[in-house]
Amino acid sequence: MTQTAAKDQEMNDTTVDMKDIVALCKRRGFIFAASDIYGGINGFWDYGPLGTALKNNIRDLWWKAMVVTPPIGPDGLPLQIVGLDSAIIQNPQVWVSSGHVGGFSDPMVDCKETKKRYRADHLIAYAVSHYMEEDQPELKLIPVFEDGTPVEDIIKKFKKLGLGSSLTDYTAIPYSDLNKYHYNDSDDYGMLRLEIGKSDRSLDKQNAIGPDTKEPGTLTDPKAFNLLFETKIGAVQEDASTAYLRGETAQGIFINFKNVVDSSRVKVPFGIAQVGKAFRNEVTPRNFIFRSREFEQMEMEWFCHPDEAPKWFEFWKEERSRWWNSIGVKSDNLIMREHGADELVFYSKGTYDIEYKFPFTAPGYGELEGIANRGDYDLTQHQDGSGQKLEYLDPVAQVKFMPHVIEPAAGLTRGVLAVLCEAYTIDPDRPSGVYLDFHPSVAPIKAAILPLTAKEDHVPLATKIYMELREHFAVELDIKQNIGKRYARQDEIGTPFCFTIDNESLEDNCVTVRHRNSMKQERIAIDGILEFMRKEMAVA
């Protein structure tokens, strides 16, 4: 193996720890805990200078790809997609008609001892499958963990509870289904067989030990927990003034379908796109900004004739995967997963998730974007709820029909996290020990202008270059510290290029370009910097 190949292998074998990414985000001003000086507030996050720039770059690239220069359709012509910015608080009936008030809930489990709350579908109980010991302890205690707990932590808790120092196997059971399982002694030596059926020895929830307690029987049965945030409108705090913060941006699009058709020169098939805040009172916010109570979405609703919905469903699946690749989220960390029949809501004609391999889900994946064939459910619900006709009149055939909807719905907040995780690259050979391999299009700072020293003749030229470039790109003029420390900082914040001004620059009108990933350096003419940057910023 060559030295280069060995180095690549070493870097590929290095496991990225989510804690390191979170630490870098705070240290370098990407993301802070909300209300940090007051101890924070669970499920809410603030974006610092670099995090705001990163998020806005991803948002703007999505908006450009959807609205400004929408994709080319199957017929070779650009698609029609228009933008919208609907209110965060709508008439409460919107959320009744959409089904959110009655059915937008997660199963909740409380711990009576610790007062902690968990998502029931995120709790996994682990029961012993078999022992390699002569004296089997009677199976009474069933440890429960949050989904994603490392195997070594599971085994460690088993041993602490005295459930076998030579434990070799166990069975994972959803906490909600625990009482369905029973166990019987096997005829085989040292075996304990788990099964679903009748038995005198059941896996009782009263014997379950929660993730954060040592005592059994503290976890409650799952209960429905509505995720909508309630608020009050007006000065009088009475029931009639109850409203909701929107749980998604999509409903604002559906209720404005008729307004857009009547006021804009659009005809089916066409799309309406929106970026904005959404709020969900998550039972257990976790994994940094992956699951939070305030987040941002990038959603587009594609309205089409029912007969053409399958064609457009396939189109948007391919198009959305391509877009994530174009901004630097590599295809080998992305999968397209079809929802099983047990995951689909009753009206769904099919749903696929674009999932990313986050450090906290690896080797599994977590949802980044959903592409759903929603049929005519949403427009029909709002037509029934509002009493307003939302059918579309075909201007050529003069036939009315209810459009079907294909919905590519991406999480902007999760997009930021995926881009950060994808970019985080460990490299022990550089002073920073790590660099962020951002695609230039999403990098918060596109280039740093660095005078080699603070000499009077270096700084004026660096300032002149900076003043010219800042009209076109987000660039930074950095004069303080030695050049090595400045390179290290730019590596950690993911700046693709550094332009260094030295003594030779005053004579040959050239600068040294340092490439972030390779650390390669080359000389280019000062008057060629702008063209160099334009070429490098292009999105495939």
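**Exercise 1. Find the residue in strand 19 that stands opposite Tyr352.**

Step 1. Tyr352 stands opposite Ile371 in strand 19. Strands here are DSSP runs of E with at least two residues, helices are runs of H or I with at least four residues, and both are numbered from the N terminus. This is a predicted model, in which local features need pLDDT of at least 70 and side-chain atom pairs count only at pLDDT 80 or more, while totals for chains, interfaces and linings use all residues. Residues are numbered from 1 along each chain as its sequence is written, and side-chain values use heavy atoms, with hydrogens and water left out.

Step 2. Now look at the two strands. Strand 18 (residues 351-356) pairs with strand 19 (residues 366-375) in the antiparallel sense, over 6 bridges. Two strands count as paired if DSSP finds at least two bridges between them.

**Exercise 2. Work out the strand order of the open sheet of 7 strands, and which helices lie on it.**

Step 1. Trace the order, which is 3-15-16-22-19-18-17, with mixed pairing.

Step 2. Check the edges: strand 3 (81-83) and strand 17 (334-338) each pair on one side only. On average, neighbouring strands of this sheet are turned by 20° against each other, direction ignored.

Step 3. Helix 3 (residues 49-68) lies across strand 3, strand 15 (270-279) and strand 16 (294-304), and runs at about 160° to strand 15. Helix 9 (residues 309-326) also packs on the sheet, with strand 16, strand 18 and strand 22 (404-411) among the strands that it touches. The direction of helix 9 makes about 160° with that of strand 19. Axes are lines fitted to C-alpha atoms, for helices over the stretch in contact, and angles run from 0 to 180 degrees between N-to-C directions. Contact means heavy atoms within 4.5 Å.

**Exercise 3. Which residues of helix 12 are buried, and what do they pack against?**

Step 1. List them: His458, Leu461, Ala462, Ile465, Tyr466 and Leu469. Buried means under 20% relative accessible area, exposed means over 50%, and partly exposed is in between (1.4 Å probe, protein chains only).

Step 2. These residues cover an arc of only 140° around the axis, so they sit on the same side of helix 12. The arc is that of the directions from the helix axis to the C-beta atoms.

Step 3. Find the partners. Among them are strand 25, strand 26 (475-477), helix 14 (505-508) and helix 15 (529-536).

Step 4. Take a closer look at strand 25 (residues 447-451), where Ala447 has its place. Ala447 counts as buried because its relative accessibility is 0%. Leaving out residues up to four places away in sequence, Ala447 touches Ala474, Val475, Glu476, Thr495, Phe497, Phe499 and Met533.

**Exercise 4. Describe the salt bridge between Glu468 and Lys464, then two others.**

Step 1. The side chains of Glu468 and Lys464 meet at 3.0 Å, N to O. A salt bridge is a side-chain nitrogen of Lys or Arg within 4 Å of a carboxyl oxygen of Asp or Glu.

Step 2. Both residues lie in helix 12 (residues 458-469), 4 residues apart, about one turn of the helix. Glu468 is partly exposed, at 43%, and Lys464 is partly exposed too, at 48%.

Step 3. Elsewhere, salt bridges that share partners join Arg119, Asp121, Glu282 and Arg291 into one network. Glu282 and Arg291 are both buried, and their closest N and O atoms are 3.7 Å apart.

Step 4. Finish with Glu343 and Arg337, whose salt bridge is 2.9 Å, N to O.
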